[in-house]
Amino acid sequence: MRYPFPVGKSDFIQGDEAIARAAILAGCRFYAGYPITPASEIFEAMALYMPLVDGVSIQMEDEIASIAAIIGASWAGAKAMTATSGPGFSLMQENLGYAVMTETPIVVVDVQRGGPSTGQPTLPAQGDIMQSIWGTHGDHMLIVLSPSTVQEAFDFTIRAFNLAEKYRTPVVLLTDAEIAHMRERVYIPKPEEIETIYRKLPQNEEEAKLPFGDPHGDGVPPMPIFGKGYRTYVTGLTHDEYGHPKTVDAEIHERLIKRIFRKILDHKDEIISREEFMLEDAEIAIVTTGIVSRSAVRAVKILREKGIKAGLLKLNTIWPFDFEYIEELAERVRKIYVPEMNLGQLYHLVKEGANGKAEVELIAKIGGEVHTPMEIVERVVG
Amino acid sequence: MYLKSAYEIRDKYLRKDMLPTIFCPGCGIGSVLQFTLRAIDDLGLNQDEIVWVSGIGCSSRVPGFVNFDGLHTTHGRALAFATGIKLTNPDLKIIAFMGDGDAAAIGGNHFIHAIRRNLDVTVILINNFTYGMTGGQVAPTALKGLRGTTAPYGQFENPFDIANLAVSAGANYVARWTVFNYLQGINSIKKALQKEGFTLVEFLSPCPISFGRRNRMKTAPELIRWYQKITVPLAKAKKMSEEELEGKIVIGEFADRDRPGLVREYQEYIKRAKKMMGWEQ
Ligand SMILES: Cc1ncc(C[n+]2csc(CCOP(=O)(O)OP(=O)(O)O)c2C)c(N)n1
Ligand code: SF4
């Protein structure tokens with residue numbers, strides 16, 4: 001297979017470009033989008049690459065249509081992605097829920113910018129953390145990943161596709177304008193260097209008849225894609241194992257929704273990824289995600305130089321959230337700081353996880369600038 | 001045309017385990033479904049190569065009752081989902097079953113853009129002038145003066161003429177019938193299914209329960225008589241003045257052309273891309 005960009009070597013590229021290249025290498029062959037800063041470059045790169053790899057890139061009439069199209073593409077057998085920013089992500093929420101309910105593997109990239117509303121189109125923010133987890137209505141479960149470098153934007157995109165396919169679920173890649181537009185050196189692997197996963201397909205008629213059942217006991221039903229003669233009916237209404245709508249049966253609703261939770265929560269250990277930095281003996285923990293993690297690394301070093309035993313926990317997966325791990329951490333440290341580029345979203349999750357075992361303090365910053373290391377240091381030193 | 005018995009059609013194409021349908025007595029959706037299945041049957045199309053898509057509403061429940069691959073999506077968005085299915089697997093033929101509110105109100109934007117792109121899909125549109133599923137609110141097709149629960153004193157807005165909208169947006173095939181024009185209806189669906197690009201067959205369909213009841217037509221026969229009264233065949237309409245056509249709905253075949261469909265355009269686009277990049281000699 002020929003690729004429209006160099007593989008097996010490093011390149012100096014923007015975060016958005018890295019996401020597009022990773023998607024192509026992960027096997028994405030359908031992209032639908034609607035332009036929005038700071039996510040447009042993902043679309044522009046996909047528009048360049050897709051026809052060359054016999055994939056589809058199409059500009060839809062809006063974001064609602066974009067996510068709808070990728071869900072349709074996924075049921076026709078494609079690995080599919082869309083990318084947007086806050087305002088577009090808000091429009092996608094109804095169909096994001098549809099993807100959860102119909103267990104459709106898709107990847108949705110949200111390049112966060114300052115909000116609410118059209119807010120600050122060109123400036124970074126972390127204001128969509130709660131929206132990415134809880135934006136759609138009803139009880140639901142999905143996966144949210146958050147990179148902090150351009151290399152991670154690349155790596156996590158591949159991971160997003162793999163998780164989506166493995167667990168038949170939408171995965172949100174939550175990044176921000178800073179990473180989107182920053183150029184960094186990124187290693188673009190050869191296809192044989194990366195692991196790519198494709199969804200489980202039914203092995204026989206029996207499995208195909210249960211597109212929403214649990215024939216393997218792992219909570220993830222094989223997905224009978226369209227056109228293979230299985231005659232699958234897919235609906236966003238509450239449905240039984242066969243896909244038949246059963247909208248007033250409490251038991252069936254509970255069984256379906258709980259399985260959708262279970263298939264992800266039972267595999268939490270595989271899905272959740274985090275990095276620890278100088279945390280073993282730390283008395284002060286800093287918990288971050290995304291771009292702020294970079295300032296926090298520096299802050300930890302400065303604090304250590306000052307004789308303060310600080311350490312960093314960087315969350316690569318934001319959802320599902322490891323509340324138990326945070327509680328263990330809270331038992332070990334004196335205080336937890338949560339610097340984030342909003343007025344407190346990750347903070348609430350960390351505080352719940354800490355469960356009163358340590359004091360948790362928010363270091364909020366909005367307006368479009370990433371915290372400087374000194375801003376974090378000064379708050380910790382007091 | 002040889003007409004098979006309704007039982008044969010039912011047994012061949014409906015999912016027995018999903019019956020009975022949710023449709024009220026006298027509802028026209030069942031008839032239009034039958035027309036569509038007869039058209040498929042007459043053409044001898046492969047059941048495994050057809051995907052039915054729909055949005056939300058009574059009309060949109062149809063894909064659940066037929067034994068085909070089906071995607072019952074969100075309100076108004078069926079054609080956007082269909083775009084992904086069709087471009088991913090062009091071998092699949094797509095039938096979108098939609099209501100008038102679904103297609104022309106919440107889905108209006110997707111509708112005109114799917115037509116503009118000439119998405120390869122056959123839309124079967126149930127126009128009952130109302131939101132049946134939610135209990136009889138006015139639809140964007142409701143003629144002036146018609147009542148709905150959200151216009152209890154009679155509709156004061158202008159209606160959309162969906163068929164004409166589709167013609168101007170560029171659809172390859174557009175026809176409109178009432179549910180009692182069954183032969184024309186079946187023939188139109190057959191034509192639509194054989195064509196590339198966007199094709200639309202709109203049916204004026206009785207909804208006695210949510211619509212008729214509020215407009216002094218409680219039964220399907222009353223509604224059908226009313227449809228007979230307000231519809232004018234295209235040839236006749238051409239000789240009528242604008243005043244004479246006021247409050248009337250023209251039925252017939254409005255467009256029949258062969259512009260390239262989206263799939264073919266995209267395949268050409270891929271070739272162009274590879275050529276421009278020097279990937280193909
Ligand atoms: C986003 C959204 N808004 C509103 C609804 C409620 N709703 C369900 S069906 C429907 C209208 C259906 O009318 P129509 O499309 O004309 O189809 P019919 O039921 O008449 O066949 C509405 C508004 C919904 N399901 N989703
Ligand atoms: S409410 Fe109207 S459109 Fe819906 S099933 Fe009943 S008669 Fe048909």
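Contact here means that heavy atoms lie within 4.5 Å. By that rule, the contact of the two chains takes 40 residues from chain B and 45 residues from chain A. Please keep in mind that this is a predicted model.

**Where the chains meet**

- The size of an interface is often given as the accessible area lost when the parts come together.
- For chain B and chain A, the buried area is about 3,600 Å², and carbon and sulfur atoms give 61% of that area.
- The rule finds three salt bridges across the interface of chain B and chain A.
- A salt bridge links A:Glu61 with B:Arg117, and their closest N and O atoms are 2.8 Å apart.

**A helix pair in chain B**

- Helix 4 (residues 78-88) of chain B packs with helix 12 (residues 262-276) of chain B at an angle of about 55°, and their axes are 10 Å apart.
- Helix 4 and helix 12 of chain B are therefore oblique to each other, and their crossing is right-handed.
- From helix 4 of chain B come B:Thr83, B:Lys86 and B:Leu87, which meet B:Leu262, B:Val263 and B:Tyr266 of helix 12 of chain B.
- By class, this contact of helix 4 with helix 12 of chain B has four nonpolar residues, one polar and one charged.

**A helix pair in chain A**

- In chain A, helix 12 (residues 323-332) and helix 13 (residues 346-354) pack at an angle of about 65°, with axes 7 Å apart.
- That angle makes helix 12 of chain A roughly perpendicular to helix 13 of chain A.
- The crossing of helix 12 and helix 13 of chain A is right-handed.
- On the helix 12 side of chain A, A:Phe323, A:Ile326, A:Glu327 and A:Ala330 take part; they meet residues of helix 13 including A:Leu349, A:Val350 and A:Glu352.
- The residues of this contact in chain A divide into six nonpolar, one polar and two charged.

**Backbone features in chain A**

- Most residues other than glycine have a negative phi, and most peptide bonds are trans.
- The peptide bond joining A:Gly115 and A:Pro116 is cis, with omega about 5°.
- A:Pro116 sits in the loop between strand 5 (106-112) and helix 5 (129-134) of chain A.
- That loop between strand 5 and helix 5 of chain A also holds A:Ser117, which has a positive phi of about 55° although it is not a glycine.
- A cis peptide bond also runs from A:Trp319 to A:Pro320, with omega near 5°.
- Look for A:Pro320 in the loop between strand 13 (317-319) and helix 12 of chain A.

Notes
Residues numbered from 1 in each chain as written. Chains lettered and ligands numbered in written order. Predicted model: local features only at pLDDT ≥ 70, side-chain atom pairs only at ≥ 80, totals over all residues. Heavy atoms only, no water. Axes fitted to C-alpha atoms, helices over the stretch in contact; angles between N-to-C directions. Helix = DSSP H or I, 4+ residues; strand = E, 2+ residues; numbered from the N terminus. Parallel < 35°, antiparallel > 145°, perpendicular 65-115°, else oblique. Left-handed = near helix turned anticlockwise from the far one by under 90°. Nonpolar A, V, L, I, M, F, W, Y, C, P; charged D, E, K, R; others polar. Buried area = accessible area lost by both parts, 1.4 Å probe. Salt bridge = Lys/Arg side-chain N within 4 Å of Asp/Glu carboxyl O.
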